Amino acid sequence: MKQRLFRSLLLLTMGSVLLVVALFAWLSVHYITNDSYQSLKREAGLLLETDEDGRITVKQLHRVRLADRVTLLDPEGKVLFDNYTVAEDMDNHLQREEVQQAIEQGEGFASRKSDTLGKDILYYAVVLADGNILRLARTNAAVFQQAHLFAGYFVLVLLLLFVGALFAARSITRKALQPLDRLDLEQPLDNKDVYPELQPIVERFAQQQEALNREMRRYKSKKQELKAVTNNMDEGMLFLDTQWNVASLNKSAINFFGKDKQELLNKSILDLVSGDEIRSLLQQMELSGKGRMVINRGNTYYQFNGSRIADKGFVLLIMDVTERTASEKLRREFSANVSHELKTPLQSVLGYSEIMLSGLVKPEDTPRFLQKIYDEARNLLGLIDDIIKLSKLDELNHDMLEEFSLVEIAQSAVRRLQDKARSMKVQLKLENKLEGPCNILGIATLMEEIFFNLVDNGIKYNHEGGQVLLSLSEKENKYVIKVSDTGMGIATSELPHVFERFYRVDRSRHKSIEGTGLGLSIVKHGVLFHGGTVRVNSTLGQGTEFILKFPKMSACIQDSAPNI
């Protein structure tokens, strides 16, 4: 801008100077030309003064010695005398401009190129008293000879004006741009000496600056939010460029690779993750825009989800799917176990039914066969009922939560099993060390099912004269529930498996005891749903104790019950 303003001012100044010089030169030439005309007129007047009658003869003209050309014409335009050439050789001059003007007005002026001399000539003609016409002529060279005297001065003045214009343009440019050079674009409204004409622009700058600052603050805020989100993600996130090199990654991704961030940046993903699976994933992302694969590291499974981001590159998400994989494996095993457990009683029912239908059963054996069919059917029904309960546990959510009394739930479970305990000659006791109803937030029916299964197991796996104790107490911010018995006990090697679905302790020893193997699985599932913990202590042949702990008012209830 500075150079352009300087050039504009310089060109404007020089243009003005040249215009003035040209005008001055034109006026000078015009003045000199007029002065030459007047000089010719004065010379003509001097010649006429030699004759009182205002006439002049050829003889008189022969005696005159003038530098200018002198021509005498008769009234018809015939040349009578010319001091530059032979008069008889010259054409008639009647139609010449200055002659016509002199005939009409008494005198005439003209300027043109002479046919005789071949130069630009100034002419002056005047009519004499005898009708003849006296004409004087002078070449323009004479005019320019006078102008040449001033030419040197013109050049000097022009040079001085050019130098002055140069310095003036530079000075004006510097002074004009000083306020602009001092303009603070960071704080436009703080500029005090800005030109009034620039005030709207400054205000516009201020508005743009404020808008830009808002956008920058918003951008930084979004960037920080994105950084906070990505760095706190459990999933690893990598951004790859179009050449599969790592452009950026979050903390989880760094932890996954177990290296420093600088060691991972700009490295090819193919160097970080080996195997044909990653190559297949990259090909899928190239062709269809997204892909997925699962890799195994020891006992941990990771799933890679990849997507293409237009032409900018690719994004990879690394998720730990060990729990989901285990859950899927558990579901498959559960389905297989369900099929097996349902098949066994059904085969018994079908087997006894076929024998009876074939007529091979003696009348006295019929009641025994019917009892077997009844027992297996009841076992099958109990198994189906427990499977349904487990399925319902997977569907529980916190919309079902209610406040209930832990004491009342324990009392209800004991009442339901009191008759069974008497029939098996087992003493069943409830020991309540809590004060008040001790309300808890959860699902009352599920909590009662927990108590029922634990107490029922204590009765079933006990002996005559044995004891089952359900005790309620509290410790710090937790309710503690213990279910202990004096029964058969569980071997130490089997304790880690007692909560698995369809697992039954040493079936050869407990063949006669009914059970589906799902009771303790339901217990653990329900305890975890209520945010509690459960553990078991047992000594073979002496008895078993289950210890449950629940936070008061279920302060730690989980969002959903985990799979067991």
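This note covers a helix pair, the nonpolar cores and some salt bridges.

1. The model is predicted; local features need pLDDT of at least 70, side-chain atom pairs count only at pLDDT 80 or more, and totals for chains, interfaces and linings use all residues. Residues are numbered from 1 along each chain, and side-chain values use heavy atoms, without hydrogens and water.

2. Helices α12 (residues 406–423) and α13 (residues 444–460) cross at roughly 35°, their axes coming within 9 Å. Axes are lines fitted to C-alpha atoms over the stretch in contact, with angles from 0 to 180 degrees between N-to-C directions. Helices are DSSP runs (H or I, at least four residues), as are strands (E, at least two).

3. The largest nonpolar core has 40 residues, and M447, F451, I481 and L548 have the most contacts inside it. Such a core joins buried Ala, Val, Leu, Ile, Met, Phe, Trp, Tyr and Cys residues through side-chain atoms within 4.5 Å. Both α12 and α13 give two or more residues to this core.

4. D456 and K460 form a salt bridge at 3.7 Å, N to O. The term means a side-chain nitrogen of Lys or Arg within 4 Å of a carboxyl oxygen of Asp or Glu. Both residues lie in α13, 4 residues apart.

5. R112 is partly exposed at 23%; E98 is buried at 0%.

Methods: Buried < 20%, exposed > 50% of the residue type's maximum accessible area, 1.4 Å probe, protein only.
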